[in-house]
Amino acid sequence: MLPDGDRSRLSFLAAREAARRVRRAERGRQAIGTVRPRGVGVFRARAPLAVVLYAADREGRLVWQDPHTFALLEPPQDDMRGHRPRGWLRAVDRQWEFAMFLGPATLVMLSGLVVGLAWSPVLGILLALAAMLYAGALMTLTVCLLTLGWLRHILTRRTGDEAKDSVSFVHWTMPLCHCADAGRAPALLAAVADRLHRLMTIRVDRSTENLGAVAARVEIVEPLVCVLSGATGAGTEAAIIAASTGPPEAGITFLTRSSRSRIRRPKLIETGGGLALYLVATALLLVVQALGVYEGEREACEPVGDCAGRPATFGRAVLWFTYRLAFQSPPGIVPATTQTWVGGWADGLLGLTGLLLAGVTLRRAAAARKERLTDFRKDIDTVLSTSTVLLLVVTPAERNAVMAAVAGLTGVPASRRHLGYHTAFDLGVVKGARVMLAQSRPGSIEPGAATLTAQSLIDQLKPDYLLLVGVCYGLRERDHRLGDVLVCTQLRVMDHKKVVDYRWGEPAEIMRGDRVTPSVTLLDRCHHARLEEGVPGVHFGPMLSMNTLLDSAELRTRMAAAEPDAYGGEMEGSGVYAAAGKGKVDWIVVKAISNWGMAKNDDAEELAARNAAEFVADLLANGGLDRPPPRP
């Protein structure tokens, strides 16, 4: 529910007028049938449209602009089951079938009881029989309709409806969209997206409060299923279809589905409705039995003057039959007729059946509640566990390539976030991953270089994954080509070494740098980012990292001789791995070859930067980084 200041507080008269306008619209009857689908039995599953609109406005689900332009939102059916709305009006709306079945019968039965006790027993019995006839007729019609539906299902072999309609169980839906002027439909749909975004945000905030947590960062990415049969005009339907093919609005994606709108309802036994019906029917039966036997008991006991201990009044007759539900007799009351005794024993069987039904109902209701809680925890876990991916680059060419590649997936421009000494770019959400981009100075030693930059960003952004993306030099020009992507399987730090003099005066270098393996999760996701080989090539192997811009054939030869299995080298990996290791963040280096470490030029830099960025974009697009990595 939205805050009070955000709700329109629609009057019931205005809701009735809006319902009339829907009925008079081009496709009004079809739209009303969508909002109020057929129930299990004779009645509709939902209350009259005016009641639906009035109740929805109180819950913040009615996007109201004026009587000519409004839309109705419905939460997922599982959410409705797990979070039942409070208030008699909303309860009537949700349980319209149940209310129409029990309401009139209970009212007539109570009237018969009052009339029978205060005025005319005969008229009271007639009213009670009328109530039972009403309930019996409804149950008979319900059985007939269910049988016909089952036969129709068998004969027509319709098999796709349940899967098609089950989408309303897990996603929000828009079953009604009324817009007399089709030109105003896009603005109405934008308001719908904004309202749903706020509803989802409030739900997440309250859920996290109940869990004793605080959601500091929540990205709403919710699909809204738009039922086309709920559009009251062809222009409105066209606007909905156009919105479903465009970019998301406020994180809300418009989806369309078939015009059928049969909403599956929870089973009666799971809600306790079956037990309630049984109890009401039992109470009605006890009243009818009491009305039918107490006069016979009076006629049997009055001639001998022995009515004090007999069920010869309506109240004592009801008390007798109530005790008999537990195979007991009330103290001091003994029937005088065989009819009353037989009815009492029959009531004992009725009570035993009710006890069994109560046990089954409680068990099924507990199982249903556990299932709803499990589903809710999964939903909230999905919302709160959206991962954060930090992409670190060095050069402007690398930054621009990453921005272009990710924008091709999100369709939104990057936004700046100034974080102390550094600026991060929020690139949006890809699947379930929030993508952040930052640029460091070259190398890993100076204050603005990779080590301190990565450490500062890890402390502030709390990323789940850290990817160093950009360009590197290659060491295998016979096997690789400029622009090929190198994925680091082992990072070897070349700066940390010991230099000693041998006997003949020549210095010797003893490497002491770390040899570290990137994140198992990230390495696995990179292996499966592209299932087909192509151009550019993607190669997995060891990479060297040293705080030296390599442009020397002699030094390159020495490094290749020292690490003959290395694929390439770069300057920032050692700093990224050090910061990520301290911050317990999964990391990896993904760079493309722009030169061979000698006779360096910038001819292939843009190509290499683009290829590395597009590989990472593929990694994001296939959902590989949607969830945070498992932690021990």
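Axes here are lines fitted to C-alpha atoms, for helices over the stretch in contact, and the angles between them run from 0 to 180 degrees between N-to-C directions. With that in hand, let us walk through the structure. This is a predicted model, in which local features need pLDDT of at least 70 and side-chain atom pairs count only at pLDDT 80 or more, while totals for chains, interfaces and linings use all residues. Residues are numbered from 1 along each chain as its sequence is written, and side-chain values use heavy atoms, with hydrogens and water left out.

The overall picture comes next. The protein holds 21 helices and 17 strands; helices (H or I, at least four residues) and strands (E, at least two) are DSSP runs, numbered from the N terminus. Of its 632 residues, 45% count as buried. Buried means under 20% relative accessible area, exposed means over 50%, and partly exposed lies in between, using a 1.4 Å probe and protein chains only. Contact means heavy atoms within 4.5 Å. Among the contacts with a separation of 6 or more, 76% are between residues 24 or more positions apart.

Let us begin with helix 1, residues 12–24. This helix has 13 residues and reaches 19 Å from its first C-alpha to its last, close to the 18 Å expected at 1.5 Å a residue; the expected span is 1.5 Å times one less than the number of residues. Ala15, Ala18, Ala19 and Val22 of helix 1 are buried. These residues cover an arc of only 100 degrees around the axis, which puts them on the same side of helix 1; the arc is that of the directions from the helix axis to the C-beta atoms. On the other side of helix 1, Leu13 and Arg24 are exposed. The cover over the buried residues includes helix 2 (28–35), helix 3 (49–58), strand 1 (62–66), strand 2 (69–74) and strand 3 (172–179).

Leaving aside residues up to four places away in sequence, Asp93 touches Ala45, Arg46, Ala47, Val52 and Ala55. The C-alpha atoms of Asp93 and Leu53 are separated by 9.9 Å, with the two residues 40 apart along the chain.

Now for the cysteines. A disulfide is a covalent bond between the sulfur atoms of two cysteines, assigned here to a pair of cysteine sulfur atoms within 2.5 Å. The structure holds one disulfide, and it joins Cys301 to Cys307, with an S to S distance of 1.9 Å. The torsion about the S-S bond of Cys301 and Cys307 is about 100 degrees, so the disulfide is right-handed. Both Cys301 and Cys307 are buried. Cys472 counts as buried too, at 3% relative accessibility, and Cys488 is buried with a relative accessible area of 0%.

Buried in helix 17 are Ala450, Thr453, Ala454, Ser456, Leu457, Ile458 and Leu461. What covers them includes strand 6 (387–393), strand 7 (415–419), strand 8 (422–430), strand 9 (433–439), strand 10 (465–474) and helix 20. Just after helix 17, Lys462 takes a positive phi of about 50 degrees.

The peptide bond from Val535 to Pro536 is cis, with omega near 0 degrees, and Pro536 lies in the loop between helix 18 (520–527) and strand 15 (538–545). Lys584, though not a glycine, has a positive phi of about 55 degrees. Lys584 is in the loop between helix 20 (573–583) and strand 17 (586–595), and is exposed, with a relative accessible area of 65%. Ala599 has a positive phi near 50 degrees. Ala599 is found in the loop between strand 17 and helix 21 (605–621), and counts as exposed at 69% relative accessibility.

Finally, back to the axes. Those of helix 16 (residues 396–410) and helix 21 come within 8 Å and cross at roughly 35 degrees. Residues making this contact include Ala401, Ala405 and Leu409 of helix 16 and Ala609, Ala613 and Leu620 of helix 21.
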